Number of protein chains: 2
Amino acid sequence: MVITVRGDTELVARAYPLFASVKDDFVCAARDLTTWAQPEAREAVIRRLSGGGPPPFRVRKLLSPAALADEDARRHLWEVVAQGAEVRISASPLPHETIVLDRSFAILAEVAPPFGGPREYTVTDTPSVVGGVRMLIEAAWKAATELDAYLRSDMPQLDADGQAVLRMLGGGHTDESAARQLGLSLRTYRRRVADLMALLESGSRFQAGMRAGELGLTG
Amino acid sequence: MVITVRGDTELVARAYPLFASVKDDFVCAARDLTTWAQPEAREAVIRRLSGGGPPPFRVRKLLSPAALADEDARRHLWEVVAQGAEVRISASPLPHETIVLDRSFAILAEVAPPFGGPREYTVTDTPSVVGGVRMLIEAAWKAATELDAYLRSDMPQLDADGQAVLRMLGGGHTDESAARQLGLSLRTYRRRVADLMALLESGSRFQAGMRAGELGLTG
DNA sequence: AAAGCGGTGGCAAGAAGCTGCCATACACTG
DNA sequence: CAGTGTATGGCAGCTTCTTGCCACCGCTTT
């Protein structure tokens, strides 16, 4: 069974019974929480969680760092967590929304259009698809960071410049070659390196590299 | 379009033209390389890679550590890499085989039965499915480890000296202070550092630090 | 004993990296 | 427009690192 629907309204109409039927596992991967702004669908899950006590099934949300962009989003996430859901942040952008219900159904969405036009969803119970998607979400989940750990770790997030510098440093280039490749003057490149080292609270390049490696900052 | 086939033979019959049509990206996630033992399908890709020169498109394989179990498998992997494919190892088990061709098609398999009976494959070009699966593979890919880094990570255990040097470097000391604390001459200390860098195949201290950090060598 | 070998340490020249100072450029503000 | 703040790039001098060369020591082999 594979069905394709356009727009959230139609999806809700089709998928509502599925949401209501979740027995032990609800997992979703998405860029942020702006989708599902229509409360109907989420309610089906939320309501079953808010009965107090431990949630009757496991709810997991895998999100990209973009989900933490504004204050509202963070507050919302904390509510979700307070209701018993697990939230992790993945380093990947996760532009497509993906949902797996138990081991029974998968819902895959197209990339959300910038101004919230209707998008296409595919709902399926094909075992190989559900299994494959579930497996991939598990893999991404395993590698992602718990929300509180993510927020607690003062993980220096690097802008594009910082990442480029990091890439050069990690590539073993001399400052001169790196600066040339980045189109910067030697002086400026070294300033960037110094900034990076300050960010990593390091007193030597080796130490900075070690920190970067430990933090998984591959650039 | 969503089709379901049973058994590798039928899959090959159906999917061969797809494999032959790959333009710029072939990515697959699987537990190991025992699947596709039937050479027909792989050949379609392999042959197009072995023409010498840079591969005409990107080939990526995301595998679980089980793929490195025996010597044959490792040798095979090195061949694949030599032919221009990228191979990464994920910490997750990846029981379902999953393949994405360009941004056009996705192939998802059921879990391989223990003794190689026929299994069910789903082939689709539905954009939301292909996009979603691709996104998830990208996420898992990003979090996985490069094959050579993974194999190198059984790093030759550093002896006490090496660990001490690493501790000094990681502590941000200058060579002079480090050598003094270790009771070594400056010359010898620097020799040790050079040895360590050679071991880490690094061309700069930063790079060495990064490798050390990635490999979790805290000294 | 003599020769060979691996590890050590001193020395020095050169490369690489670090940083203060200054001049310039551009955006923003009053 | 003048003033302020921020980012850039050149320059210079300093520190740190890198490496080759040589001498020495202790050990084993011949």
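Reply: In this predicted model, the residues around DNA strand C come from both protein chains: Asp175(A), Arg187(A), Arg190(A) and Arg205(A) from chain A, and Ser185(B), Arg187(B), Thr188(B), Arg191(B) and Arg192(B) from chain B. Of the atoms of DNA strand C that come within 4 Å of the protein, sugar and phosphate account for 46%. If these residues are sorted by class, the surface near DNA strand C turns out to hold seven charged residues and two polar ones, with no nonpolar residue.

Helix α8 (186–199) of chain A and helix α8 (186–199) of chain B each supply at least two residues of the surface near DNA strand C, and it is α8(B) that gives the most, with four residues.

Individual side chains can then be followed to particular atoms of DNA strand C. From chain B, a polar side-chain atom of Arg192(B) lies 2.7 Å from a phosphate oxygen of DNA strand C.

DNA strand D is surrounded by Ser185(A), Arg187(A), Thr188(A), Arg191(A) and Arg192(A) from chain A, together with Asp175(B), Arg187(B), Arg190(B) and Arg205(B) from chain B. Sugar and phosphate make up 47% of the atoms of DNA strand D that come within 4 Å of the protein. By class, the surface near DNA strand D is made of seven charged and two polar residues, and no nonpolar residue is found in it.

Here too α8 of chain A and α8 of chain B each supply at least two residues of the surface, but near DNA strand D it is α8(A) that gives the most, with four residues.

An N or O atom in the side chain of Arg191(A) is 2.5 Å from a base nitrogen of DNA strand D, and the side chain of Arg187(B) places an N or O atom 2.8 Å from a base oxygen. For the side chain of Arg187(A), the distance from an N or O atom to a base oxygen of DNA strand D is 3.3 Å.

Helix α3(B), residues 71–82, has 12 residues and reaches 17 Å from its first C-alpha to its last, close to the 16 Å expected at 1.5 Å a residue. Within α3(B), Ala73(B), Leu77(B) and Val80(B) are buried, and, seen down the axis, the buried residues fall within an arc of 60°, so they line one face of the helix. An α-helix has 3.6 residues a turn, so residues three or four places apart point the same way. Just after α3(B), Gly84(B) takes a positive phi of about 105°.

Conventions. Residues are numbered from 1 along each chain as its sequence is written. Chains are lettered from A and ligands numbered from 1 in the order in which they are written. This is a predicted model: local features need pLDDT of at least 70, side-chain atom pairs count only at pLDDT 80 or more; totals for chains, interfaces and linings use all residues. Side-chain values use heavy atoms; hydrogens and water are left out. The expected span of a helix is 1.5 Å times one less than its number of residues. Buried means under 20% relative accessible area, exposed over 50%, partly exposed in between (1.4 Å probe, protein chains only). The arc is that of the directions from the helix axis to the C-beta atoms. A residue is near a molecule or strand if one of its heavy atoms lies within 4 Å of it. A polar contact is a pair of N or O atoms within 3.5 Å; within protein, one must be able to donate a hydrogen and the other to accept it, and residues adjacent in sequence count only if both atoms are side-chain atoms. Ala, Val, Leu, Ile, Met, Phe, Trp, Tyr, Cys and Pro count as nonpolar, Asp, Glu, Lys and Arg as charged, and the others, Gly among them, as polar.
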